[in-house]
Amino acid sequence: MGSKPKNDSSDTAAAAKPAGTSQVELPVEGMSCASCAARIDAKLAASEGVAEANVNFAAGSATVRFDPSRTTPEALITAVKSLGYSVPTARVEFAVEGINCSACVKRIEDALAAERGVVSSSVNFASRTASATYLPNETDPGRLAAAISHAGGYKAAAIGSDGVAYDEDARLKKEYSSLVKSLILSAALSAPVFILSMVHIKQLNHKIMFYILFALTTPVLFGPGRRFLTGFYHALRNKTADMNTLVALGTVSAYIYSATATFFPEFFRFAGIEPAVYYDTTCMIITLILFGRMLEAGARGRTSESIRALMRLRPRTARVIRGGVESDVPTEEVEVGDIVVIRPGESVPVDGKVAEGFSSINESMITGESAPVDKKPGDEVFGATVNTNGSLRVEATRVGADTLLAQIIRLVREAQGSKAPVQRLADKVASVFVPVVLGIAAVSFLVWVLPPLDYSLQFSMLIFISVLIIACPCALGLATPTAIMVGTGRGAGMGILIRNAQALENARLITTVVFDKTGTLTTGHPRVSGFALSPGVPAADLLYFAAAVEKDSEHPVAKAIVLRAGEDGVSAPSPKSFEAIPGLGAKAVVDDHEVLVGNWKLMESNRMDAAPVRAACEELEKESATLVYVSSDGVLLGAIGVTDTLKESARAAVERLKKSGLKIVMLTGDTRRAAESIASKAGIENVISEVLPGEKNARIEKLKQAGERVAMVGDGINDAPALAAADLGIAIGSGADVAMAAADITLMREDLLGVPLAIELSKKTMRTIRQNLFWAFAYNVIAIPIAAGILYPHFHFKLDPMLASASMALSSVSVVSNSLRLRKSRII
């Protein structure tokens with residue numbers, strides 16, 4: 001089954017692949033019949049930029065020919081998903097050696113995007129990593145690594161799916177050590193060149209001095225400076241230009257000019273020019289830029305310190321009982337079901353459940369909560385947490401890439417590799433920055449050397465070199481990713497997991513925060529607080545029927561009723577039949593009686609009379625109780641009041657958010673009286689009550705239509721649709737909920753103060769990004785004209801190339817240093 005090719009007049013034309021089109025095969029899951037294939041076929045064929053679509057139901061795939069200038073594989077996948085089907089993709093991250101400036105980012109992203117089967121790609125200049133989402137049936141990590149290497153002499157190595165096996169510490173130390181060694185050699189040779197050049201001013205035309213300077217400068221240019229020449233060569237081969245192009249052209253220009261003056265002085269004298277050398281310019285530019293890169297590498301290393309600290313948390317070995325014998329094995333060899341022995345003071349190697357023993361576990365490295373958590377048999381423990389006192393035997397339930405630690409590392413890595421919308425502009429500027437600077441440098445040289453200005457060749461050459469050297473695309477490339485890396489890393493250390501850079505941007509614009517009630521504002525551990533009984537009905541009967549219907553439910557309110565029945569000695573039978581009624585309750589047959597258990601809407605729809613229990617129900621609602629009504633054979637037996645306790649941090653969190661100028665709303669399915677009671681305790685005036693679970697996302701949409709930018713705070717399970725509908729979804733989760741797909745931000749602990757903390761951290765991170773971008777743009781806008789000599793006619797000020805190189809080096813360092821302030825700054 002397939003759509004007819006658009007604008008094709010013959011089968012031959014359809015068979016041929018027109019120039020300028022690409023083809024991709026999408027694996028599609030969820031098709032159950034030929035009608036499904038027809039729907040997908042029609043959707044793809046109608047999509048912009050698609051020339052032909054052919055969906056094969058038997059093969060479970062869709063082959064699409066499209067115009068890459070008008071659409072992308074990512075857009076095609078979105079079109080398929082919009083119909084309710086899924087397209088399986090994989091994600092891989094590479095550590096990339098050889099990324100020197102922001103122009104490299106565009107080059108590598110373009111190389112990955114050009115590979116068949118790549119859905120999306122992103123390069124993080126600050127962390128020197130590249131990530132790609134791809135179709136496993138079309139390509140693989142090996143091909144993608146090769147594409148990166150071919151883009152310009154880069155070296156790409158895939159990072160493991162758990163992120164733990166990747167030794168970023170070793171990579172950073174290697175990079176830093178290489179820069180230090182190059183700097184020491186360059187400085188050792190440049191110092192005498194600089195000194196002799198100063199002496200040379202008093203001893204003009206000293207030929208031996210020229211030879212000595214040449215002999216000292218040559219190893220600087222082709223030794224420590226070789227990295228710039230190699231980068232220039234690869235850029236030239238790929239018909240692009242980057243930071244290495246600017247540095248190489250600047251230093252080589254000064255070197256060739258000086259070498260010509262050294263070995264062919266007559267050439268200059270013939271033209272009426274006294275030969276002069278600028279070896280010190282070549283040496284000092286290389287030395288100062290290496291010095292700047294060393295400082296930048298050290299600063300960049302600190303931006304990712306938080307995630308490396310997480311990686312170092314996992315112990316290398318685990319003590320496992322196999323065949324009744326304890327033995328130490330590498331952590332990666334622990335299997336699900338193994339019994340792991342954890343002694344006092346040791347770190348937990350994998351996720352699991354306590355099989356034997358009692359202890360307290362320090363989970364601060366995961367949740368940010370400093371108080372140790374007591375553990376007993378049956379409780380869950382997480383890898384990388386620390387056993388503080390007793391000895392435990394733990395059954396491994398999640399190992400390797402499935403552990404909580406690995407999930408956190410993966411989420412933080414993905415966030416740090418994502419791009420904020422504002423970064424797209426910086427990337428576009430950086431991609432054309434170097435060619436523009438080359439043009440400015442060339443024009444500046446010609447303006448000064450030709451009439452009417454007609455300045456000397458030496459003067460014009462130094463202007464040319466200064467423009468090349470002072471320009472800094474690196475600051476533009478570092479402005480956003482360094483701030484995102486520090487901000488998301490700081491958040492992870494506080495138990496706040498930020499999914500991507502878009503979440504940071506959205507958090508900055510929030511005007512209204514909507515809280516779910518149960519499990520979010522409240523503890524989620526409700527208890528039965530009272531009864532409203534119809535005349536002649538004992539509480540035991542009410543509990544008997546309610547517990548029978550609710551005994552298999554996982555809802556907190558249902559659990560509270562079953563627990564109270566057990567405490568009161570009421571033994572509830574299993575129902576003969578059971579039917580859930582979404583948003584209302586449930587219907588079941590218990591002891592041959594038809595029993596309804598749920599909210600008042602369920603009772604009302606079955607024409608129940610509330611008069612016998614109305615007064616008692618109102619009293620329970622004044623105490624913030626949720627009412628669960630029970631009827632048998634069409635007769636209302638009464639209602640059970642279930643009360644949940646407000647979290648200790650709820651009111652403080654609400655007050656913090658209000659001080660930030662945000663509107664606060666509580667969203668709940670409770671009656672208005674019960675909802676307003678709990679809301680008043682939390683300090684919330686705006687209440688949306690009696691909302692069915694399926695209606696929550698519609699209420700969020702209504703707020704958005706009213707012009708509000710909405711953040712939804714929920715437990716990440718029942719509130720998933722509302723979290724997804726909000727501009728910003730914040731999930732209050734425990735370790736088991738860390739992979740909540742609907743949330744933009746996940747709080748690893750139950751403390752609601754994490755909500756204002758997350759929003760303020762996002763605002764500070766975005767503020768830092770804007771500061772960085774302003775500095776990066778302002779520096780280049782001001783520095784390049786000064787280097788081009790704009791001040792010379794009026795003030796006789798000309799920027800020396802050595803000063804230009806120092807300025808360029810420090811501009812990148814200043815951007816990274818500003819981002820690092822986030823590590824220590826006060827959030828709230």
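Tutor: Gladly! A search of the whole structure turns up seven cavities of 30 Å³ or more. This is a predicted model, where local features need pLDDT of at least 70, side-chain atom pairs count only at pLDDT 80 or more, and totals for chains, interfaces and linings use all residues. Residues are numbered from 1 along each chain as its sequence is written, and side-chain values use heavy atoms, with hydrogens and water left out.

Student: What makes a space a cavity, and what makes it a pocket?

Tutor: On a 1 Å grid over the protein atoms alone, a cavity is a set of points where a 1.4 Å probe fits but cannot get out, whereas a pocket is an open set with protein on both sides within 12 Å along at least five of seven lines. Volume is the space filled by probe spheres set on the points, which are joined across faces, edges and corners.

Student: Which residues line the largest cavity?

Tutor: Lining residues have an atom within 4 Å of a point. Among them here are Met243, Arg293, Cys474 and Ser812. Helix H11 (279–303) provides four residues, the largest share. Helices are DSSP runs of H or I with at least four residues, strands are runs of E with at least two, and both are numbered from the N terminus.

Student: And which strand gives the most to the lining of the second largest pocket?

Tutor: That is S5, with five residues; this strand spans 118–124. The pocket has 35 lining residues, and those nearest its centre include Glu74 and Ser121.

Student: Why is Phe264 called exposed?

Tutor: Buried means under 20% relative accessible area, exposed over 50%, and partly exposed in between, with a 1.4 Å probe and protein chains only. Phe264 has 53% relative accessibility, so this residue counts as exposed. Phe264 sits in the loop between helix H9 (243–263) and helix H10 (265–270).

Student: Why is Phe232 called partly exposed instead?

Tutor: Its relative accessibility is 22%, so Phe232 falls in the partly exposed class. You will find Phe232 in helix H8 (residues 226–237).

Student: How are the residues of the largest cavity's lining divided by class?

Tutor: There are six nonpolar, two polar and two charged residues. Ala, Val, Leu, Ile, Met, Phe, Trp, Tyr, Cys and Pro count as nonpolar, Asp, Glu, Lys and Arg as charged, and the others, Gly among them, as polar.
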